[in-house]
Amino acid sequence: MSVDANLASVTPDPIDPARMLSGALSPRDGAALLFWGVVRNEHDGRGVSSLEYSAYAEMAEREMLRIADEARARFGTGAIHVAHRTGLLQVGEASVAIAVASPHRAEAYDASRYVIEELKRRVPVWKRESYVDGDTEWVPGFTPAVPQEAAS
Amino acid sequence: MIVRSLFFATYRDMAGHDELAVELPAGSRIADLVAGLRARGGGLARLPESPVAAVNMDYAPLATVLNDGDEVAFIPPVAGG
């Protein structure tokens, strides 16, 4: 693995924003951008108390790395590091972090946006919301696009 | 041949477990596996006729021919981020 390789991880541990940023940076970069997605306290007007994320972890890591590779090739950034939490998260905790290092800022913004949008469309992660009224529900999501031809 | 079926989130709730080893005739496709699982009845009868599936961690169409030892995951709508 080269020092500025893309990286993707699914982890039950809290994500460290400073490590995400410093991990993506190399001496060629002039900027690093962090997308920090956190659990908020309401969904469609209902009070949320916590969120439980589950994942098909191995595939999620592969798919996130694929997305990072696509974004880097498309926008010409430096390294892109993506992390997604699993397990029980409280309001305010980060569920997803995307660090994009780049020689120039414009590419970093475009790549960061691409990664989060694609992640939401195709990475096999699910969340179950617990509401302040005691109810629990799987959050409806996106149906991933499946290629028409088998890959192999 | 034997394939491993994996279930997540709402499908896991339907199946009642994370995974199931299923014996299939050689040449079976994902669609055959789905039909077999649905025919078992119980919660699995509620598995959609055309769920999104991944074979060995790649999204794959239901016409994909399976091989012995394949890991076939059924992926309900995803909600990461």
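## Strand pairing, helix packing and the A–B contact

In this predicted model, strand 8 of chain A pairs with strand 9 (residues 136–138) of chain A in the antiparallel sense, over three bridges. One of the residue pairs here is A:R128 opposite A:W138 in strand 9 of chain A. The two strands form a hairpin with four residues between them, and A:G134 in the turn has a positive phi of about 100°. Strand 8 of chain A is also joined to strand 4 (residues 46–55) of chain A, by seven bridges, and these two strands run antiparallel. Here A:L51 stands opposite A:E129 in strand 8 of chain A.

**The four-strand sheet of chain A**

Chain A also has an open sheet of four strands in the order 1-5-7-2, with mixed pairing. Strand 1 (7–11) and strand 2 (31–38) of chain A are at the edges; each has a single partner strand, so one side of each has no neighbour in the sheet. From one strand to the next, the twist averages 10°. Strand 5 (residues 80–85) of chain A pairs with strand 7 of chain A in the antiparallel sense, over five bridges. In that pairing A:H84 has A:V96 of strand 7 of chain A as its bridge partner.

Two helices pack on this sheet. Helix 1 (residues 17–24) of chain A touches strand 2, strand 5 and strand 7 of chain A, and its direction makes about 25° with that of strand 7 of chain A. Helix 3 of chain A touches strand 2, strand 5 and strand 7 of chain A, with its direction at about 150° to that of strand 7 of chain A.

What is A:V100 in contact with, leaving aside its neighbours within four places in sequence? The contacts of A:V100 are A:A24, A:A32, A:L33, A:T77, A:I80, A:A108, A:A111 and A:S112. A:R113 lies in helix 3 of chain A. Is A:R113 buried or partly exposed? It has 16 other C-beta atoms within 10 Å, and therefore counts as partly exposed. A:R113 and A:N6 are 107 residues apart in sequence, and their C-alpha atoms are 16 Å apart in space.

**Chain B**

Strand 5 of chain B takes part in two of the pairings described here. With strand 1 of chain B it pairs in the parallel sense over four bridges, and B:R4 has B:E71 as its bridge partner in strand 5 of chain B. Four bridges also join strand 5 of chain B to strand 3 of chain B, and these two run antiparallel. In this case B:V55 stands opposite B:V72 in strand 5 of chain B. Strand 5 of chain B is largely enclosed by the rest of the structure, because four of its five residues are buried.

The pairings of both chains are listed below.

| Strands | Sense | Bridges |
|---|---|---|
| Strand 8 and strand 9, chain A | antiparallel | three bridges |
| Strand 4 and strand 8, chain A | antiparallel | seven bridges |
| Strand 5 and strand 7, chain A | antiparallel | five bridges |
| Strand 1 and strand 5, chain B | parallel | four bridges |
| Strand 3 and strand 5, chain B | antiparallel | four bridges |

In helix 2 (residues 30–39) of chain B, the residues B:I30, B:L33, B:V34 and B:L37 are buried. These residues cover an arc of only 100° around the axis, which puts them on the same side of helix 2 of chain B. The buried residues of this helix pack against strand 1 (2–7), strand 2 (19–23), strand 3 (52–55), strand 4 (58–60) and strand 5 (71–75) of chain B. After helix 2 of chain B comes B:G41, with a positive phi near 75°.

B:A54 is in strand 3 of chain B. It counts as buried because it has 24 C-beta neighbours inside 10 Å. Leaving aside its neighbours within four places in sequence, B:A54 is in contact with A:M59, B:Y59, B:A60, B:A73 and B:I75. B:A54 and B:P76 are 22 residues apart in sequence and 11 Å apart in space, C-alpha to C-alpha.

**The contact between the chains**

The contact takes 30 residues from chain A and 20 residues from chain B. On the side of chain A that touches chain B, at least two residues each come from helix 2 (57–75), strand 7 (94–102), helix 3 (105–122) and strand 8 (125–131) of chain A. Helix 3 of chain A gives the largest share, four residues. By class, this side of chain A has 18 nonpolar, seven polar and five charged residues.

The largest nonpolar core has 63 residues, of which A:I80, A:V100, A:V115, B:A53, B:V72 and B:A73 touch the most other members.

Conventions: Residues numbered from 1 in each chain as written. Chains lettered and ligands numbered in written order. Predicted model: local features only at pLDDT ≥ 70, side-chain atom pairs only at ≥ 80, totals over all residues. Contact = placed C-beta atoms within 7 Å. Nonpolar A, V, L, I, M, F, W, Y, C, P; charged D, E, K, R; others polar. Core = buried A, V, L, I, M, F, W, Y, C linked by C-beta atoms within 7 Å. Buried ≥ 20, exposed ≤ 12 C-beta atoms within 10 Å, placed from the backbone. Pairing = 2+ DSSP bridges. Axes fitted to C-alpha atoms, helices over the stretch in contact; angles between N-to-C directions. Arc of directions from axis to C-beta.
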